[in-house]
Structure formats: C-alpha cells, structure tokens
Amino acid sequence: MKALYLEKTDGPDSVVVKDIETPVPGPGEVRVAVKAASVNHRELFITHGQYPGMVVPVSLGCDGAGVVDMIGDGVSGVGEGDEVVLYPARNWGPNRHAPAADFGLLGMPFAGTIAEYICVPAENLAPKPAFMTFEEAGAMPLTALTSWRALMFKGQLQAGETLLISGVGGGVATFGLAFAVAKRANVYVTGESQDVIDRAVAMGAKGGLLYTDPDWRKQVGKLTGGIDVVLDGAPSPSFANYVRAINPGARIVIYGSTAGNEVKFNATDIFLKSASIVGSQVGDPQDFQDMLAFADTHKIKPVIEATYPLDQAKEALLHLRDSHKFGKVVVSM
C-alpha cells in the first residue's frame, strides 16, 4: 500500500509517499480502507524530531475516515463496509482527567492514517456522520476533539458566556469557534489578518482583533466586556495581552505551545480573579463520542482550505507549513 512515510527527521521536505507493507488486523482489531485524512502541525513537528520518544521510520497522520474492509478475531458489532471515522489515539486509560503513561496518537508512535489502509482497535471506530463527506469526516478527529475537550470538559463553557479564541484560523481554533457559536456563547477572536477575522465573523464570531497590533491588549477588554473562557494554543505571546480582561472565575485553557514554551504573568492577575489556568490535550474516547454527537446535532462541518491526492501528501504538508490561513488541509485517497 502507499503511505506518507518518514524515515529521517530532516523536516517536511524529507517525507515521501512510498509503498510499504499492507497491514493485517490482529485480534480485536479492524482494518480500514482510508478514504480521507488530514495533516496537522503535529506532523510538521514530528518531521523535525520534535516529539517525545521519536522512532522512525513511521507512517504519518492521526486523522482519518474510511470503510472497514477486514475484521480481526474476537471483534463483534462491526461489519465490512461500515463507514467510520477514527479516534486518533490509543490507550487513554480509565482517568478522564489525563491519559495513561502508554497513551499515544496514530502517526507516532502508532502507524498513521495518511495511507491506503490502517489497522486499529475496534473501539477506535465511530460511525461516520451521514451528513459529512469522507473528506469532511477525515478532517475532524484530532483538532475537533482537542477543541471540544478544551472548551467543554476543561473549560466548562456555558451558553451566554464570553469566549476569546486566540489565533483563529488553525484547526482547533476554527472548530472551537463553530462549537462555541452552536453552544450560544459570545465568541471573540484574535487573528493575523483582517481577512481571517472577517471569516471568523462570518462563522458567528461577534468581533475580533489583530494580534499583530501591539495595542490589542488595550482594546480586548472594551471589545469583549470581559472574558469568561480563553482558548489558546500559543500563550507565550498572547497571555499578557488578554489576562487583564478576564472576568472573576475565568478559565484559561491552554492546549499548545506553538509560539514558544515560556509564559510570564503576575500571580495577582490570576488569584485575585479566582481564575484557573487549565492544560488540555487531545481527548478521551468519551469526549470523541460527545463531540461527534454535538457535531451531528448541530450539523457542524470542518472548514476545508485545500485537498490533495495521496500522491501529493508531501505537498499538503508543505501547504500547511507555507500557505495555511484558515481551516483544514485534507489528503484524499
């Protein structure tokens, strides 16, 4: 089978689409003929060796949707031909608040989804939402799940509350906007350009600020009227700009460190507001089911920026690095 493959960690230019052995499902597993997947910034980090416990070679990708085409021993409740979307990880464990030590995502350390076939535990499968194409379903798993958990489980976002999404345009932030609008929250965003902010407003945001404007910290409190929840994947440059605008009891949910690891703040800005800084990563299988059910109820689809065929999967990754502005970059099989 063909797969997007990483053999050395010299950056995204080093990935190749090549023929590798077609997997066969073991006990408790199923094989899925992947119809669509998508790329994430995680794959870019992996190509540079920036991932704990890196092991190469590996096939890349953790998002995927497809059709069950082979079933291993001991599997019930699944049939060949079932259209499915894949939970993007394995071994979360029993603790809803944090994953187990052997937790890992597809595409590192486990085999990836940007391939013609993948074998996963049967419990990784969820029915593909009927209102979505394979490309739309294949763009959902990692970023939609991460966003859902950050907002709903960790952030406890409620209808009528005010949410600030820092750096809208990426997958997690864009799904967060869709989920929060459907939740009837008041959503404000920051973005790199007016075009990005205008697109967010068209999706239901009430307004936005350019994070390239050095004075946006002076405007955010007036614009929002006070913030109850923050969704932030790059807190290093942004945290100090919004922290003075949070309301008492606010929850600041951090799900990434795209712009650097160090965040400086005054303790008084947090404890005098009885605010919480909460870390969030990916999500457990219950989050995945809850997210898909909410998306189905509200008919929420991903924003797809570009679609590439499998033989151009490397170009999809380079698009994410060089040209990405808003939504998901999909690979279609």
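The structure is a predicted model, in which local features need pLDDT of at least 70 and side-chain atom pairs count only at pLDDT 80 or more, whereas totals for chains, interfaces and linings use all residues. Residues are numbered from 1 along each chain as its sequence is written, and side-chain values use heavy atoms, with hydrogens and water left out.

Secondary structure elements are DSSP runs numbered from the N terminus, with helices (H or I) of at least four residues and strands (E) of at least two. Strand β1, spanning residues 2-6, is mostly covered, in that four of its five residues are buried, where buried denotes under 20% relative accessible area, exposed over 50% and partly exposed the range in between, for a 1.4 Å probe and protein chains only. Two strands are taken to pair if DSSP finds at least two bridges between them. On this basis β1 runs antiparallel to strand β2 (residues 16-19), to which four bridges join it, and the bridge partner of Lys2 in β2 is Asp19. Strand β1 is also joined by two bridges to strand β4 (residues 58-59), again in an antiparallel arrangement, with Leu6 standing opposite Val58 of β4.

The UniProt record, in an unreviewed entry, places the feature "domain: Enoyl reductase (ER)" at residues 11-331; UniProt positions are given in the numbering used here, feature names are shortened, and annotations may be inferred rather than shown by experiment. The end C-alpha atoms of residues 11-331 lie 19 Å apart, and the span is 29% helix and 28% strand.

A three-strand open sheet has the order β7-β8-β9 and mixed pairing. Strands β7 (89-90) and β9 (109-110) stand at its edges with a single partner strand each, so one side of each is left without a neighbour in the sheet. Between β7 and strand β8 (residues 104-106) the pairing is antiparallel over two bridges, and Ala89 stands opposite Leu105 in β8.

Grid points are joined across faces, edges and corners, and a volume is the space filled by probe spheres set on the points. The structure holds one cavity of 30 Å³ or more, and the largest cavity has a volume of about 50 Å³. Helix α4 (residues 171-182) provides the largest share of its lining, four residues, and the residues lining the cavity include Phe175, Met203, Ile300 and Lys328.

The second largest pocket has a volume of about 170 Å³. Of its 17 lining residues, Pro23, Ala111, Gly112, Ile118 and Cys119 are the closest to its centre, while strand β10 (residues 117-121) gives the most to the lining, with four residues.

Conventions:
1 Å grid on protein atoms, 1.4 Å probe; cavity = no way out; pocket = protein on both sides within 12 Å on 5 of 7 lines; lining within 4 Å.
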